[in-house]
Amino acid sequence: RDLDGPEGRDVVAARGREVLRAAAWSMLLEPDDHAPYGWSHCLTLPQAALAAAPTLARPTDALAVAATYVVGFRSSLARRPLVPTFAAPDPHLDLRQALDDRPELAAAAVWHAADPRSPAIVSELATHAATQHDAHLVKYTLACIDAAADDPAHARLFLAAAAHLNGWWIRHGNPDDPFTR
């Protein structure tokens with residue numbers, strides 16, 4: 001099958017969603033030391049490459065770039081194999097409460113939500129990110145919201161990953177930001 005032809009574009013889009021899922025799993029499953037810049041870019045850079053796919057004569061080029069980003073980040077930063085299972089117990093907290101505790105609880109609160117795509121959850125993530133002083137958090141949160149909309153069957157994954165990074169910023173802040181010192 002010609003993946004660069006009209007019929008192959010859907011295959012490229014589907015494989016692109018799989019690449020982005022690997023990036024989101026990395027945020028959830030890897031240690032937090034690379035969360036704010038490593039794992040956030042592991043999703044946002046390939047997502048940007050994939051956005052160009054429909055405009056390219058060879059959409060597979062965008063897929064190749066996107067996959068290379070994820071492989072590059074994982075090969076240099078990952079500490080464990082990628083096993084896409086999130087076994088965190090339900091914290092029985094709403095997202096706002098969980099964000100104030102730990103990144104893992106924030107992710108678990110979204111993961112176990114009855115509807116992770118609810119306007120309340122998406123609004124809380126977007127509002128929190130928008131009121132912080134780090135563009136990476138805003139960019140990553142928007143990327144996760146967009147990925148959830150594009151891949152609704154895996155929205156829980158993307159929004160839990162956004163919650164995790166939002167929780168990370170609450171816990172750590174930005175030491176270079178004069179507003180958080």
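Mentor: Buried means under 20% relative accessible area, exposed means over 50%, and partly exposed is in between, using a 1.4 Å probe and protein chains only. This is a predicted model, so local features need pLDDT of at least 70 and side-chain atom pairs count only at pLDDT 80 or more, while totals for chains, interfaces and linings use all residues. Residues are numbered from 1 along each chain as its sequence is written, and side-chain values use heavy atoms, with hydrogens and water left out.

Trainee: Okay, is Tyr37 buried or exposed, or partly exposed?

Mentor: Tyr37 counts as partly exposed, because its relative accessibility is 38%. Trp169, at 5%, counts as buried.

Trainee: What's the geometry of the Tyr37 and Trp169 pair?

Mentor: Edge-to-face, with 6.3 Å centre to centre and 80° between the planes. Rings of Phe, Tyr and Trp (its six-membered ring) pair if their centres lie within 6.5 Å; planes under 30 degrees apart are stacked, over 60 edge-to-face, and the rest tilted.

Trainee: How many aromatic pairs are there in the structure?

Mentor: Four. One of them joins Trp168 and Trp169, also edge-to-face, at 4.9 Å centre to centre and 80° between the planes. Trp168 is buried, with a relative accessible area of 11%. Trp25, Phe86 and Trp111 form one aromatic cluster.

Trainee: Back to the helices: how do α2 and α8 pack?

Mentor: Their axes are 11 Å apart, and the packing angle is about 160°. That makes α2 roughly antiparallel to α8. Axes are lines fitted to C-alpha atoms, for helices over the stretch in contact, and angles run from 0 to 180 degrees between N-to-C directions. Under 35 degrees counts as roughly parallel, over 145 as roughly antiparallel, 65 to 115 as roughly perpendicular, and the rest as oblique.

Trainee: Which residues meet there, between α2 and α8?

Mentor: From α2, Ala35, Pro36, Tyr37, Ser40 and Leu43; from α8, Phe158, Leu165, Trp168 and Trp169. By class that's eight nonpolar, one polar and no charged. Ala, Val, Leu, Ile, Met, Phe, Trp, Tyr, Cys and Pro count as nonpolar, Asp, Glu, Lys and Arg as charged, and the others, Gly among them, as polar.

Trainee: And what about α7 with α8, at what angle do they cross?

Mentor: Roughly 165°, with the axes of α7 (residues 135–150) and α8 (residues 155–172) coming within 8 Å. So α7 is roughly antiparallel to α8. The α7 side of the contact includes Leu137, Tyr140 and Cys144, and the α8 side includes Phe158, Leu165 and Trp169. That contact has 13 nonpolar, two polar and no charged residues.

Trainee: What sits in the loop between α7 and α8?

Mentor: Asp151 is found there. Asp151 counts as buried, because its relative accessibility is 6%. Not counting residues up to four places away in sequence, Asp151 touches Arg17, Arg21 and Phe158, where contact means heavy atoms within 4.5 Å.

Trainee: Last one: where's Ala62, and what does Ala62 contact?

Mentor: Ala62 is in helix α3 (residues 59–77) and counts as buried at 4% relative accessibility. Leaving aside neighbours within four places in sequence, Ala62 is in contact with Ala49, Leu50, Ala53 and Leu56.

Note on methods
Helices (H or I, at least four residues) and strands (E, at least two) are DSSP runs, numbered from the N terminus.
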